[in-house]
Each structure stands twice: as C-alpha cells, then as structure tokens.
Amino acid sequence: MSKTRVYQLAKELDISSKELISKLEEYDVEVTNHMSTLEDDIIEIIKELYKSNEGKSESMDSTEDENAIGLPESISVKDFCDKIGKTVTDVMTKLVSMGVFATINQEIDFETAEALALEFNIDVKLEGAEEEEAEYGIEDFEDDPKDLKDRPPVITVMGHVDHGKTSLLDAIRETNVTAREAGGITQHIGASEVYVDGKKIVFLDTPGHEAFTSMRARGASLTDIAILVVAADDGVMPQTKEAINHAKAAGVPIIVAINKMDKPGSNPDRVKQELSEHGVLVEDWGGDTISVPVSALKGEGIDNLLEMIVLAAEMQELKANPNRLGAGVVIEAKLDKSRGPVATVLVQKGNLKVGDPIVAGASFGRVRAMINDKGKNIKKANPSTAVEILGLSDVPNAGDTFNAVKSDKLARQIGEKRKAKFREANLNSTTKVSLEDLFMHI
Ligand code: GTP
Ligand code: MG
C-alpha cells in the first residue's frame with residue numbers, strides 16, 4: 001500500500017502510522033508504492049476492526065478520497081494555502097511546529113503537504129492518484145527482482161470455430177480429446193501441460209462459439225503467447241479477427257498456425273494475405289509474425305510449431321516468484337454433483353498448496369484437493385501450473401483472480417465483503433456489472 005494511503009488511513013482510524021503499518025504487515029500488506037488486489041479488502045477489514053473496537057459508528061465508508069483536495073507532487077507554500085483555504089500565517093506556524101522551515105515561495109513535496117494538511121484535519125490526495133490506484137488495483141505486490149525465477153510459458157490457442165484448435169492441441173498432446181467432446185465443440189477453457197525438450201509449456205484451449213467471446217478475451221490476458229489457428233481452406237473469419245484484436249489489445253505476441261494443410265483446397269498464401277489486411281504481417285510478407293503450416297489431423301508441422309513457441313517464449317524471459325502465497329486466475333469453474341464447486345485455476349505467481357485458505361472472486365474456502373491436467377492429485381502447484389481445485393464455497397467466475405491468504409478467517413472475510421459489494425452493485429445499477437469489472441474499479 002502507498003505511504004499516502006497509510007497516512008490517510010491512520011488519521012482516519014486515529015492511530016499512529018507505525019501501529020497501522022504493523023497491523024498491515026500482519027495481513028501481509030507491504031507499504032510500497034504498489035497496490036495489491038487484496039489491499040482494498042484488507043483495508044476495510046482493518047477499518048472495521050478499529051472502528052468496532054473503539055465503538056465508533058460503522059457507517060463511515062471509504063469516502064476519504066472523494067472529499068480529498070487534489071495536490072500536485074510539489075507545491076509552493078503559498079499555493080498550498082490557497083488550495084486548502086488557510087492563511088499563510090496558520091500554515092507557516094504549523095510548518096515550523098513540524099520542524100520544516102520554508103519560505104512562502106518555496107516548494108514542499110506531497111508527503112510534507114499531506115502531513116501538513118492532516119494537521120488541519122484536511123484530506124488531500126495526489127493529483128492523478130486515482131488513475132494510478134485503479135491501475136495498481138489489479139496488480140499484486142511487487143516482487144523483489146532477486147526472488148524471481150524462470151517460469152514456463154502459458155500459451156492460448158485461439159481462432160475461428162472449427163479451424164482446428166482442439167485438434168491442434170490433441171496433436172500436441174498426442175491424445176484425443178476431440179473424440180470425447182460432445183459434438184466436438186470445446187465447451188470451456190481446458191488446460192494442458194506438455195514438455196518440449198524437457199521444458200514445460202502450458203496450453204489453454206479456448207472455446208469457438210460467439211457466446212464465449214468474453215471468456216476468450218480473458219484468455220488473451222492470461223497468456224504469454226497466442227497461437228492463432230487459421231484453416232488454410234477457409235482463411236480469416238470473424239473470430240479470427242476477434243482473436244487478433246484480443247491478442248493485440250493484451251499485447252500478446254501471435255504465432256500463426258496455418259492448419260488443415262492436408263486439405264485439397266488449402267491456400268496458405270491467401271491466409272497470409274488476409275492476415276496482412278488485419279494487421280498481422282507474417283515473415284514472408286516482410287513482417288515479424290511467425291507462421292507455421294501444420295496439419296493437426298496428420299500431425300505434420302507440429303514439431304516446427306513447438307520449436308517456434310519455445311523460441312518465442314525464451315525471448316520473453318518469463319519469471320515469477322515461486323516462494324509466496326499463490327495467486328492467479330480462474331480459467332473455468334463448475335458445480336460438480338459429488339465434489340461441489342470445482343475451479344480450474346492457473347497459478348501465476350507464488351505456490352498454491354493443499355490446505356491453503358483461498359479466496360477466488362467472491363468465493364472462498366480452503367484448498368481440499370488439487371488435481372493436475374493428467375488427473376493426478378498433487379500437493380503443490382508452482383507458477384504457470386493449471387490445476388483443478390476443490391474446497392471453495394461457491395462457483396467463482398471464469399476470469400476471477402484468486403489468492404491464497406494467511407488464514408481461513410481472512411479468506412471468509414474477503415469473500416463475504418466481495419459478495420456484499422457484488423449484491424450492492426447489482427441492486428444499484430441497471431446494467432449488469434461483472435465481478436471483474438467491480439474489482440477493477442474499487
Ligand atoms: P471449436 O472448439 O468448435 O471452435 O473447434 P476447434 O477449432 O477446436 O476445431 P476442432 O479441432 O474441433 O476441429 C474441427 C474439425 O476440423 C474436426 O472435424 C477436425 O477433425 C477437423 N480438422 C482439424 N484439424 C484438421 C486438419 O489439419 N486437417 C483436416 N483435414 N481436418 C482437420
Ligand atoms: Mg475446440
């Protein structure tokens with residue numbers, strides 16, 4: 001959490017910043033310039049803790065920012081007086097009492113200005129801090145670079161319906177999922193891990209139907225590289241374009257797999273030309289997007305494709321800290337008759353262990369069991385591992401973030417807070433707000 005917020009919160013709770021910082025540490029919140037996804041939840045919990053202890057009214061909400069006066073990073077004492085509506089004499093007196101000796105034209109930094117404003121019981125905020133906080137709100141604590149270790153790449157397979165995404169993954173896994181699927185259509189995002197030259201690659205399959213567009217959009221932001229499957233006999237189609245847009249919006253590099261090369265009507269040159277019309281320039285068109293001709297059906301070109309994926313992944317130098325509480329994204333979730341809520345999650349940082357208290361979107365619980373893509377029970381999942389987890393209270397939404405937290409109590413508190421907020425948002429708005437939207441804008 002930022003120092004600015006610590007100041008404000010300590011003031012609001014009428015405790016010292018030092019006490020608040022040690023309380024925050026109990027909840028694993030570091031005082032840095034970065035925000036965590038859990039931070040807002042934890043702040044509320046701490047607020048309630050103090051407010052109920054002191055018997056103050058709980059009706060106070062986090063309105064502190066709305067009434068706060070915006071200040072730049074540095075401001076002259078004179079301008080500061082104008083902004084907060086106090087006389088130069090009052091302000092100078094306070095400044096001196098704080099041990100700051102400045103002239104009225106001298107600039108003071110935001111931290112000083114903030115401490116000064118608090119002396120007058122006035123809330124201030126850094127101008128532009130709201131945007132910054134919204135941005136940080138979807139991030140997690142920043143890791144120390146020395147704690148980062150290499151992690152396997154996460155690849156999403158995207159493309160138009162029936163262009164062969166699932167078949168391509170099958171060819172890669174040398175299994176046969178297509179035959180087992182109802183109607184041969186992938187119903188949800190599945191995940192699988194394969195090894196190429198001893199190096200792990202995680203693949204996420206994505207559904208083909210229009211109705212799953214939003215899911216696919218999430219797919220792109222989960223991944224390091226997007227494999228764009230285009231059938232050589234069909235060319236660029238509406239969902240090919242969508243996939244291109246998603247990948248571009250997420251800043252994810254694309255590798256094109258021109259599939260169904262075995263078909264008589266296949267025309268890879270036409271595919272390349274159509275791709276160029278949509279801003280994807282492959283190498284033999286003078287661009288830098290790799291394209292690989294393949295036949296998922298015959299298993300041709302697959303080795304070449306995998307080689308390109310490994311190369312592209314190596315260039316990204318993907319890293320994560322494996323030694324912290326696990327966090328990542330829910331890929332899919334469902335209610336299983338005998339096992340209860342089941343969520344497939346991708347661990348993106350830290351490690352997730354059986355027994356960990358966890359919160360995923362508004363659902364919470366304790367990881368009762370973890371099953372990997374091969375159906376095996378595992379005890380621990382490191383970064384870039386997709387696992388099915390059991391033990392959640394409800395079914396979270398695909399795209400929700402999840403975090404392992406320090407205690408069952410905290411998981412419950414956060415989950416229940418989010419649920420209440422979700423309900424409130426649903427009541428107060430006519431348009432439907434997804435949980436994800438909600439958390440991105442807290
Ligand atoms: P959705 O999940 O519905 O979007 O489809 P998908 O993109 O996963 O396609 P899928 O792998 O289910 O393949 C669709 C059809 O194309 C199936 O009948 C496959 O057998 C066929 N197919 C896939 N790849 C190839 C290929 O390389 N050559 C030929 N001839 N047929 C292929
Ligand atoms: Mg499929």
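This is a predicted model: local features need pLDDT of at least 70, side-chain atom pairs count only at pLDDT 80 or more; totals for chains, interfaces and linings use all residues.
Local features were taken at pLDDT of at least 70 and side-chain atom pairs only at pLDDT 80 or more, whereas totals for chains, interfaces and linings use all residues. Residues are numbered from 1 along each chain as its sequence is written, and side-chain values use heavy atoms, without hydrogens and water.

Helices α6 (residues 88-97) and α7 (residues 110-119) pack with their axes 10 Å apart, at an angle of about 110°. The two helices are therefore roughly perpendicular (65 to 115 degrees), and their crossing is right-handed. Val91, Lys94 and Leu95 of α6 meet Thr112, Leu116 and Glu119 of α7, contact being defined as heavy atoms within 4.5 Å. The residues of this contact comprise three nonpolar, one polar and two charged.

A nonpolar core is a set of buried Ala, Val, Leu, Ile, Met, Phe, Trp, Tyr and Cys residues joined through side-chain atoms within 4.5 Å, where buried denotes under 20% relative accessible area (1.4 Å probe, protein chains only). The largest such core has 26 residues, of which Leu168, Ile201, Phe203, Ile227 and Ile309 touch the most other members. Elements giving two or more residues to this core include β6 (154-159), α9 (165-173), β8 (199-205) and β9 (225-231). Helix α13 provides the largest share, seven residues. Beyond its neighbours within four places in sequence, Leu168 is in contact with Ile227, Val229, Ala257, Val294, Ala296, Ile302 and Leu305. A second, separate core of 20 residues includes Val6, Leu24, Ile42 and Ala411.

Key
Chains are lettered from A and ligands numbered from 1 in the order in which they are written. Axes are lines fitted to C-alpha atoms, for helices over the stretch in contact, and angles run from 0 to 180 degrees between N-to-C directions. Helices (H or I, at least four residues) and strands (E, at least two) are DSSP runs, numbered from the N terminus. Angles under 35 degrees count as roughly parallel, over 145 as roughly antiparallel, 65 to 115 as roughly perpendicular and the rest as oblique. A crossing is left-handed if the near helix is turned anticlockwise from the far one by less than a right angle, and right-handed if clockwise. Ala, Val, Leu, Ile, Met, Phe, Trp, Tyr, Cys and Pro count as nonpolar, Asp, Glu, Lys and Arg as charged, and the others, Gly among them, as polar. Buried means under 20% relative accessible area, exposed over 50%, partly exposed in between (1.4 Å probe, protein chains only).
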